[in-house]
Amino acid sequence: MKKKITNWSNYPVVEANLLPFRYEDELRQLLNSQQEPLITRGNGRCYGDAALGPNILSSLPFNHILSFNEQQGIIHCEAGVMLDELLELIVPKGWFLPVTPGTSFITVGGAVASDVHGKNHHKDGSFSNHIVELELMNGVGEKVRCSREEKADLFAATCGGMGLTGVITKVKFRLKKVESSFINQRSVKAKNIDEIFGLFEQNEGYTYSVAWIDCLQKGKDLGRSVLMLGEHAKREELPNRQQMHPLKVPASKKVSIPFNFPSFTLNPLSVQAFNFAYYNKMLGNEKKDIVSYDPFFYPLDSVLHWNRMYGKKGFVQYQFVLPLEQSRQGLIEILEKINSRKMGSFLAVLKLFGEQESLISFPMRGYTLALDFPIVNGLFEFLDELDDVVMKYGGRIYLTKDARMKPEAFWKGYPNAQKWVDILKKYNPDQKFNSLLAQRLNIIS
Ligand SMILES: Cc1cc2nc3c(=O)[nH]c(=O)nc-3n(C[C@H](O)[C@H](O)[C@H](O)COP(=O)(O)OP(=O)(O)OC[C@H]3O[C@@H](n4cnc5c(N)ncnc54)[C@H](O)[C@@H]3O)c2cc1C
C-alpha cells in the first residue's frame, strides 16, 4: 500500500511503497522481486528528495551492532543503526564518533551515503575518512565488499553517492578516543564578516569550530556572528562533581513541537527578533564553559519535530560551499541578496572546511553556509539567483540538503560528476537504484 513520505524539510511529499527490511535475506528477496527502481532510506534526515522515489527500501529495522573492539575503537554495524544508539554504547567506554553531523538522529548508512561532515572537518575530514570497509547489496541481491584497497572505484562512488551504487548494508569504521563525554567550549562574538573569517583562521587549531551568523545584518555589521569552539574535555579539566562520572551519557530531555505552525509565524520580524536575542544572550565578547556533548553537537535534537515550525508547506535548507579564495566576496554577495529580499533565515551556520580529496562528496577547502528558508512564493527563483553566485565563484550545493537545484548547477559544481556517473553505470547497470534527486539532476535519466 502506498504511503505519503517526505524527508526532514517536508518538501517534496511523495506517494510511495515503503519496503522495510530486517535481514539480508529479506532485502535480497525485495531486490529480486521488485522490477521497478528503488532507493534506500535511512531516517529521512536528508532535507530534500535524495531518499525519495516511488519505491523506498527502509533500512531502519536492519540495525544490529556486529562487533565493537573496545581496545582499538573499531565498530562494525548494520547500516540502519542510528548515531544516537551508537553514542549510548561507545561513550561509556571512552570512545566518540569520529565525525558527526548536527543531529544524532541519522543512520550509519545515511552518514556514508551523504559522506557527512561535522564541526571538525578541517581536522578530521568527512565520515568516509574513518571507514575501514563497507558492504553493499547490489541490484540482483549479491553482496559486494569495498574499501580504499578493494574495489576502490565502488568505495569512492558510494561515499557521498546518495544511495545510487546499491544498498549499504554493513559499515566498519574507526572511533575517536575521549577521556570524557564533556566538551570544553569557548564562544566568541564577531562584529562582522572580516572578524569571523579572522577568528576561524586563527582558531584552526581547535578540533571543533562552527559559527552562527545573523544574516539580517547590513553594512559594517554584515556577517555578525558567534563562533563556537570546542575540544573534548580531559578528565582533570572537569569540575569535581563531573569527575565522578566523566563518561556519562546525558539524560534525554526533549520537548516536541506537536503540530505544523501557521505559515505567518516565521516572518522577517520574528527572524530579526530571534537573531537579536541570540547574539545578545551572551553578555561579554567571550565565554568559556564545560558542556555535555549533547548541547554542543546536537542543539536542535532537544526539540523533536522542530521542522514543523516552518508550517505545512515545508522549507528548504540551502547549503553551499565556496573555494577559500572566493569565500569572502561570494558570501558578501549572498548575504546582501538575502538582506535586500528580507529572506532572513533562523538557522544560518557557517563553517570553514579543510582540504578534501574525494570523488563526489560535498566538502572542499573553503567556507560553507547552511540556511533555512520557509517555502513561499518566489523562493525557488530566489535560490536560482543564489546558485548563480555560488557557480560564479566556483562553489557547489550540498546534495543531501537539496530539493530544487537545476541540473546545470549540479554538473558545474561537481567536476567529477561524469566520472561518478560512469562508475554508477558499472555497478548499477540496470538503474535499479534511482531517486527523485538522481532524476531531477540528470544523474540517472
Ligand atoms: C538537524 C540536522 C542537522 C544536520 N547537520 C548536518 C551536518 O552538520 N553535516 C552533514 O553533513 N549533514 C547534516 N545533516 C544532514 C544529514 O546528516 C544527512 O542527510 C544524512 O545522510 C541523513 O541520514 P539518514 O539516515 O536520515 O538518511 P536519509 O535521509 O534517509 O538518506 C540520505 C541519503 O542516504 C542514502 N542512504 C541512506 N541509507 C542508505 C543505505 N543503507 N544504503 C544506501 N544509501 C543509503 C539515501 O538514499 C539518501 O540518498 C543534518 C540534518 C539535520 C536534519
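In which sense do strand S19 and strand S20 pair, and over how many bridges? In this predicted model, strand S19 (residues 348-353) and strand S20 (residues 366-374) pair in the antiparallel sense, and the pairing runs over six bridges.

Eight strands form an open sheet, and their order is S16-S12-S14-S13-S19-S20-S18-S21. The pairing in this sheet is antiparallel. At the edges are strand S16 (286-292) and strand S21 (396-397), each of which pairs on one side only.

Helix H10 (residues 324-340) lies across strand S18 (315-323) and S20, and H10 runs at about 135 degrees to S18. H10 also has a helical partner. Two packed helices are described by the angle between their axes and the distance between the axes. H10 and helix H11 (residues 379-392) pack at an angle of about 170 degrees, and their axes are 10 Å apart. Angles over 145 degrees count as roughly antiparallel, so H10 is roughly antiparallel to H11. On the H10 side, the contact is made by Gly330, Glu333, Ile334 and Lys337, while H11 contributes Glu385, Leu386, Val389 and Val390. By type, the residues of this contact are four nonpolar, one polar and three charged.

The next step is the division into domains. The domain assignment of the protein gives domain 1 (65-178) and domain 2 (182-407). Their C-alpha centres lie 24 Å apart. The contact between them takes 29 residues from domain 1 and 25 residues from domain 2. On the side of domain 1 that touches domain 2, helix H2 (83-90), helix H4 (121-124) and helix H5 (152-158) each supply at least two residues. H4 gives the most to this side, with three residues. The residues on this side of domain 1 divide into ten nonpolar, 15 polar and four charged.

Which residues come nearest to the ligand? There are 32 residues around the ligand, and those that come nearest are Gly42, Pro101, Gly109, Gly110 and Gly163. Strand S3 (39-41), helix H3 (108-113) and strand S10 (167-174) each supply at least two residues of the shell around the ligand. The shell is made up of 14 nonpolar, 16 polar and two charged residues.

Technical notes. Residues numbered from 1 in each chain as written. Predicted model: local features only at pLDDT ≥ 70, side-chain atom pairs only at ≥ 80, totals over all residues. Near = placed C-beta within 6 Å. Helix = DSSP H or I, 4+ residues; strand = E, 2+ residues; numbered from the N terminus. Nonpolar A, V, L, I, M, F, W, Y, C, P; charged D, E, K, R; others polar. Pairing = 2+ DSSP bridges. Contact = placed C-beta atoms within 7 Å. Axes fitted to C-alpha atoms, helices over the stretch in contact; angles between N-to-C directions. Domains from an automatic or database assignment. Parallel < 35°, antiparallel > 145°, perpendicular 65-115°, else oblique.
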